[in-house]
Every structure is written in C-alpha cells, then in structure tokens.
Amino acid sequence: MKPSNVAPGPVTQAPTQLAMDPNSGDFLAGLEGVYVKQVRNAAEAFCGFEVANQYEIYQLNPVEGVHFGPEIIHAKEQGDRCCYRNFCGPCRANKTDIYLAQGTEIMLGTYTKSQGLSWCGIPCCKAGGSVKTMVPGSSQGEYATDDPAACPGCTPLRFSLQNYDFDGPRSCCVNAPCVTYAFTIKDQRNQAMLGRLVKESQGCRDMIYKTNKFSVVFPPGANSEDKVALIAATLHSDFNIFEKRKKK
C-alpha cells in the first residue's frame, strides 16, 4: 500500500464544559460567554396570558457563536400577581432571581425593575433598573442602570450598568422578529469595546410564543460579579426593549 501524501486537516477542539464549583471564590472565571433563552409557555402562545418570565442560560463558545452543554444558570421572575402582570405587560415592575441551575439553587444576584420602561422620556413612565450581586466567595454590590431617553426604531439605544456601557445602533427594525440587534459592551474603566450583547433573530416557534434569545460575549478580565451584572443587563434589555405584550 502506498503511503498517503494528503496532509491531515486541522483538528477542532471541543469546547470545555464549565465545572460549576460554588466553593471556588471565582467559579465563573472560565465562562467566556452565555446564551440566554427565554422559556416558552403554551398559555402565552395560545391564550395570550402573561406568565412570569423564566430564562435558561447556557455556556457560549464566543468564537463559533454556538451554545453547548447543560443549563448552568437559571433566571426566574418573582411574584404571583397575575392580574397586575397581565394588565401592565412589559411595563410591569418585577424582580428576577439569577441562580445556579446545577444542584442547589445558589443565588448569584437579583435584577429589579420599577414600573414603566427604561427608555421612556416621560418621568412618570420611566422605569429604573438595578442588580444586586451576591456571588458566593466574591465581592457583592448593588448597581443601578443609567438609561438615556430614546425611542426604539428611531434613535440609537444605550444604557449603562455597573462598569459597562451598552451601545446599540439606530434601527427601524429593532423589534422585528427576524432581525438580529447587537449592543457593543464598553468597559468604562479603560474605554475598551470588547464584548457584545446580541438579541438573536427569532425562529417560527419563538414568534408564536413571543420569546427572545440572546448571546453575550463577556469582555476579557470580567470577574464573576461582572458576569452576573452582564446577565442582568441582558434581562434589562429584554424587559424594557424586546418584551412583547402577550394579549391578543
């Protein structure tokens, strides 16, 4: 048999699944990005009934832009005020817990939104947002969002949270289901634009259920507390910009 002269092709290394060890002081250190998927609910799709939002969060390979492995973090909106939630829709005030999905539900933080929408320029209708981080073995803090008045579809969209600025382009299709909308993430400490928060285009099932999907690439050097704040920023963008009223 003649030896083959064909050179072997490049070997693609499988992404490493993150080991979530809450006993480690920085157990999210190996997480380079996350994929955030809003949980679908049949009552919302077929009855127009607004239920509390939930999100499944997976590891993201930032190079290939794909998520992998089991769910690592879960986010769940608090409260059982169904009448209030259905009457106010996206304008409702809420609190959303962010916690580990594997094993014991260890809290990582809580995102809080007041009544209204954060981009609204009318003071009585403008919502505020904040996140309280509580990562075990890491620093803890509470940070408020800074949201300039804007108009989705007419002006660029911007907001700030913790040490990061989120800047999105002006797009008349910002809420169109088949359009991808991306925020660049800028670190206020060194002005470097090294991360991205992307609202992914919706598939057919997402349009029926009126749910959203996001991918977040963490800036290099972000610690565990920063990463929880960046996940909270994703929830902030969904509740205030991309959330759709479920009533038909």
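Is Asn-86 buried or exposed? Hi everyone, let me start there. Asn-86 is buried, at 9% relative accessibility, where buried means under 20% relative accessible area, exposed over 50%, and partly exposed in between, with a 1.4 Å probe and protein chains only.

A word on what we are looking at. This is a predicted model, in which local features need pLDDT of at least 70 and side-chain atom pairs count only at pLDDT 80 or more, while totals for chains, interfaces and linings use all residues. Residues are numbered from 1 along each chain as its sequence is written, and side-chain values use heavy atoms, with hydrogens and water left out.

Back to Asn-86, which sits in helix α2; helices (H or I, at least four residues) and strands (E, at least two) are DSSP runs, numbered from the N terminus. A polar atom of the Asn-86 side chain lies 2.8 Å from the backbone oxygen of Cys-82. Gly-48 is 38 residues away along the chain, and its C-alpha atom is 9.0 Å from that of Asn-86.

Now for the charged groups. Side chains of opposite charge can pair when their charged atoms come close. I call it a salt bridge when a side-chain nitrogen of Lys or Arg is within 4 Å of a carboxyl oxygen of Asp or Glu. The whole structure has seven of these salt bridges.

Please find Arg-92 on your screens. With Glu-50, Arg-92 forms a salt bridge whose closest N and O atoms are 3.8 Å apart. Glu-50 lies in the loop between α1 (42-47) and β2 (54-61), and Arg-92 in the loop between α2 (82-88) and β4 (94-100), so this pair ties together parts 42 residues apart in sequence. Glu-77 also meets Arg-92 in a salt bridge, at 2.9 Å from N to O. Here Glu-77 belongs to strand β3 (residues 66-77), 15 residues from Arg-92.

Then comes Glu-243, with a salt bridge to Arg-92 at 3.5 Å, N to O. Glu-243 is in the segment after α4 (224-242), so its pairing with Arg-92 ties together parts 151 residues apart in sequence. Both Glu-243 and Arg-92 are buried. Through shared partners, salt bridges join Glu-50, Glu-77, Arg-92 and Glu-243 into one network.

One last stop: Thr-145, in the loop between β7 (141-144) and β8 (157-161). Thr-145 is buried too, with a relative accessible area of 13%. Leaving out residues up to four places away in sequence, Thr-145 touches several others, including Ser-130, Ser-160 and His-236, contact being heavy atoms within 4.5 Å. Thanks, and do ask away!

Notes:
A polar contact is a pair of N or O atoms within 3.5 Å; within protein, one must be able to donate a hydrogen and the other to accept it, and residues adjacent in sequence count only if both atoms are side-chain atoms.
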